[in-house]
Number of protein chains: 2
Amino acid sequence: MKEKDTTTFFRETLSFWKDLNDAQRNTLKDAMIMKHFEAGELMASASDRCSGLFLLERGQVRVYIISESGREITLYRLLDRDVCIFSASCILKNIAFDVFIEVEKETNAYLIPTAIYRTLSKESLAVQAFTNELMASRFTEVMWIMEQAIFVSFDKRLAGFLLDQSTIEGSLLLSITHERIANHLGTAREVVTRMLKYFQSEGMVSLSRGEIEILNENKLQQLLN
Amino acid sequence: MKEKDTTTFFRETLSFWKDLNDAQRNTLKDAMIMKHFEAGELMASASDRCSGLFLLERGQVRVYIISESGREITLYRLLDRDVCIFSASCILKNIAFDVFIEVEKETNAYLIPTAIYRTLSKESLAVQAFTNELMASRFTEVMWIMEQAIFVSFDKRLAGFLLDQSTIEGSLLLSITHERIANHLGTAREVVTRMLKYFQSEGMVSLSRGEIEILNENKLQQLLN
């Protein structure tokens, strides 16, 4: 991106930008580092609590937790223009859980180093408010996932996942393994396979190795009601 | 409480107190209202998003959600000196979920009106930081509950709940219904009854109408490992 475009991008994605003075803006611009990630890379693991905030220019990332027994569940996804705060959770007093952040599609992201963000937080109410709003958004997403996982039957959750995935991919043919779906939904692979076979027997999907084709979107959609 | 004791209480429980100026402290003291709640009362329901922050002087409160189908799960509890922030969630931008707040034991709490807290938040970095830390604490508690509910087997969760409850009550004899336990743990009453009967057959508890007596703490504790 050109210098001017970069500034526009920061102004549009960082709500506190307009409240910073010139010195603060320059410090921030000088400190930001553009990072490139390939699909499959870990942007941060549970032990990287101080990498800094990632501001996604373009890409797709999933944030998830792993249980003691090795099971996973996706908490939320980050897409273009989203900010990842838990890669800087060391600056969030009282956050005592760890997340993993995995790149799903090639991603370009600006890294705001922890030290810079910490200094700005101490100087600016707008930066504090930004942190607050970001945390509230993620909290809301996690509450939704929790409600789904605890209160919603698995056929509905799987139907919802396939439809969401189809929207993200822009295709009815999904290249995804049953294991991978299990890791998104916090369950075991066998549970996913069993339900997908049921969906196939009802004519909603067609299964082949590493791929799921959605044959009847309406019928999947009806499951959600 | 006497005037002097009240001030000491605020200084000890509100981390931003020391950073306020005299005018702000006086505004806050004048605006705070002591409220009294009996066990069973709702301190706030999902529709009261703007009551204000409650600062518990003494008491016990549970914060929970209700699913569309009417099932409940307890997110966390508040005890003496805790602050309830979700009764003022209207000031938290991006919080888009609703919680219920129910009094479990007679509670005295100071209410900080929403308007006052909103004004202080706009003036004071310390107040913003307090909000952030409070939200981060609750987020951490919810993540723990979610991990438990999704990844931990129900016998462990129930054993843990009975032991926690026994600590809170200071007694091995718990006056609680199976329905009530189900509402804490996000499950159906039948599931609780079935597991309690199993615990009884193993000599860990003894069941009678509306009461559960813990007979073997060690054996319940061993279930957690």
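Reply: Two strands are taken to pair if DSSP finds at least two bridges between them. Helices (H or I, at least four residues) and strands (E, at least two) are themselves DSSP runs, numbered from the N terminus. The model is a predicted one, in which local features need pLDDT of at least 70 and side-chain atom pairs count only at pLDDT 80 or more, while totals for chains, interfaces and linings use all residues. Residues are numbered from 1 along each chain as its sequence is written, with chains lettered from A and ligands numbered from 1 in the order in which they are written.

In chain A, 3 strands make up an open sheet in the order S7-S9-S8, with antiparallel pairing. Its edges are strand S7 (173-175) and strand S8 (205-208) of chain A, each of which pairs on one side only. From one strand to the next the twist averages 20 degrees; axes here are lines fitted to C-alpha atoms, for helices over the stretch in contact, and angles run from 0 to 180 degrees between N-to-C directions.

Two helices accompany this sheet. Helix H5 (residues 154-169) of chain A packs on the sheet by touching S7 and S9 of chain A, its direction making about 90 degrees with that of S7(A). Contact requires that the C-beta atoms of two residues, placed from the backbone, lie within 7 Å. Helix H7 (residues 189-201) of chain A lies across S8 and S9 of chain A and runs at about 125 degrees to S8(A).

The antiparallel strands S7(A) and S9 (residues 211-214) of chain A are joined by 3 bridges. One residue of S9 of chain A deserves attention, namely A:Glu211. Its bridge partner is A:Ser175; the C-alpha atoms of these two residues, 36 residues apart along the chain, are separated by 4.6 Å. Leaving aside residues up to four places away in sequence, A:Glu211 touches A:Leu173, A:Leu174 and A:Ser175. A:Glu211 is exposed because 12 other C-beta atoms lie within 10 Å; a residue is exposed at 12 or fewer such atoms, buried at 20 or more and partly exposed in between, with C-beta atoms placed from the backbone.

Strand S9 (residues 211-214) of chain B has a covered face formed by B:Ile212 and B:Ile214, and an uncovered one formed by B:Glu211 and B:Glu213. On one hand, 3 bridges join strand S7 (residues 173-175) of chain B to S9(B) in antiparallel fashion, with B:Leu173 partnered by B:Glu213. On the other, 4 bridges join strand S8 (residues 205-208) of chain B to S9(B), again antiparallel, and here B:Ser206 stands opposite B:Glu213. S8(B) and S9(B) form a hairpin with 2 residues between them, and B:Gly210 in the turn has a positive phi of about 70 degrees.

As for the relation of the chains, chain A can be laid on chain B with an RMSD of 0.0 Å by a turn of 180 degrees and a shift of 0.0 Å along the axis. The two copies are therefore related as by a two-fold rotation axis. The superposition is by least squares on the C-alpha atoms of residues with pLDDT of at least 70 in both copies. Between the chains, 30 residues of chain A are in contact with 30 residues of chain B. The side of chain A that touches chain B receives the most from helix H4 (residues 125-151) of chain A, which gives 18 residues.
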